[in-house]
Amino acid sequence: MQSLIEHARTFPEKIADQQEEFERLARGQQPQALFISCSDSRVIPSMFTGARPGDLFELRTAGNIVPRYRPQAACGVAGSLEFALQVLQVPDIVVCGHSHCGAVQGLMREQSVQTMPLLSRWLSWAEYRATANEPWQTQGLGDDPTAVTQQHVLTQLEHLRSYPYVARRIASGRLRLHAWFYTVETGEVLACAPGSRTFKPL
């Protein structure tokens with residue numbers, strides 16, 4: 001923690017020669033994309049995309065889960081999504097899963113999250129079981145964690161399409177959805193082309 005504190009303490013000095021850029025950022029934001037990724041500490045979107053401050057509107061959740069549209073629910077994911085589209089007018093949304101994802105491992109082995117009821121309830125929004133009392137239904141996805149994670153990303157894209165304002169923008173050509181998979185050990189990013197279910201290098 002001390003190294004983080006020291007960096008934060010000296011950060012103003014490190015950006016002193018970029019004052020104009022940061023003053024511009026203070027006047028507003030126009031991000032290129034909404035980037036939905038896992039909360040995992042090993043996944044740093046700006047590191048593997050080269051994004052500068054202001055380029056990405058980030059939404060990070062355990063397992064990069066996007067709950068299906070529920071108009072009456074108070075949901076931080078839905079609120080962030082609404083702001084990104086209605087106010088910031090982002091033209092692209094990326095859902096990025098990653099290798100060695102603890103949330104996906106929890107979906108594949110439900111017993112590993114039995115002692116964490118709040119996490120288990122959150123994982124239920126990934127919609128791999130019909131009710132909260134049923135076991136996860138991931139058997140049809142296979143036993144390969146990479147394949148399960150990639151299928152999970154595509155499922156979350158389907159959840160995004162359930163939001164009316166997402167569907168309208170896609171239909172009018174004002175919004176594009178992207179499915180990505182980040183490999184922690186190599187830094188490689190794979191993507192799934194629209195209409196495909198196969199992830200290939202960008």
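**Entry 1: the core**

I take a nonpolar core to be a set of buried Ala, Val, Leu, Ile, Met, Phe, Trp, Tyr and Cys residues joined through side-chain atoms within 4.5 Å. I am working with a predicted model here. With that in hand, I looked up the largest nonpolar core and found 29 residues in it. Leu-34, Ile-36, Leu-81, Leu-85, Ile-93, Leu-160 and Phe-199 have the most contacts inside this core. I then asked which elements supply it: β1, β2, α4, β3, α7 (145-161), α8 (164-171), β4 and β5 (189-192) each give at least two residues. Helix α4 gives the most, with five.

Leaving aside residues up to four places away in sequence, Ile-36 touches Leu-59, Asn-64, Val-66, Ile-93, Val-94, Val-95, Cys-96 and Leu-160. I also noted a second, separate core of 10 residues, with Cys-101, Ala-103, Val-113 and Ala-126 among them.

**Entry 2: the sheet**

Next I traced the strands. I found an open sheet of six, in the order β2-β1-β3-β4-β5-β6, with mixed pairing. From one strand to the next, the twist averages 30 degrees.

I checked how β3 (residues 92-98) meets β4 (residues 176-182): the two run parallel and are joined by seven bridges. Along this stretch, I saw His-98 opposite Tyr-182 of β4. I also looked at helix α4 (residues 76-86), which lies across β1 (33-38), β2 and β3 and runs at about 170 degrees to β2.

**Entry 3: the aromatic rings**

For Phe-11 and Phe-22, the centres are 6.3 Å apart and the planes stand at 80 degrees, so I filed the pair as edge-to-face. Phe-11 sits in helix α1 (residues 2-14) and Phe-22 in helix α2 (residues 19-26), so this pair ties together parts 11 residues apart in sequence. Phe-11 is partly exposed, at 35% relative accessible area, and Phe-22 is partly exposed at 23%.

Phe-57 and Phe-83 make a tilted pair, 5.9 Å centre to centre with 35 degrees between the planes. Phe-57 belongs to strand β2 and Phe-83 to helix α4, so the pair ties together parts 26 residues apart in sequence. I have Phe-57 down as buried, with a relative accessible area of 16%, whereas Phe-83 is partly exposed at 36%.

Ring pairs link Phe-35, Phe-48, Trp-180 and Tyr-182 into a cluster. Arg-70 lies over the face of Trp-125, at 3.7 Å from the ring centre.

Terms used: Residues numbered from 1 in each chain as written. Predicted model: local features only at pLDDT ≥ 70, side-chain atom pairs only at ≥ 80, totals over all residues. Heavy atoms only, no water. Pairing = 2+ DSSP bridges. Helix = DSSP H or I, 4+ residues; strand = E, 2+ residues; numbered from the N terminus. Axes fitted to C-alpha atoms, helices over the stretch in contact; angles between N-to-C directions. Contact = heavy atoms within 4.5 Å. Buried < 20%, exposed > 50% of the residue type's maximum accessible area, 1.4 Å probe, protein only. Phe/Tyr/Trp six-rings, centres within 6.5 Å; stacked < 30°, edge-to-face > 60°. Lys NZ or Arg CZ within 6 Å of the ring centre and 35° of its normal.
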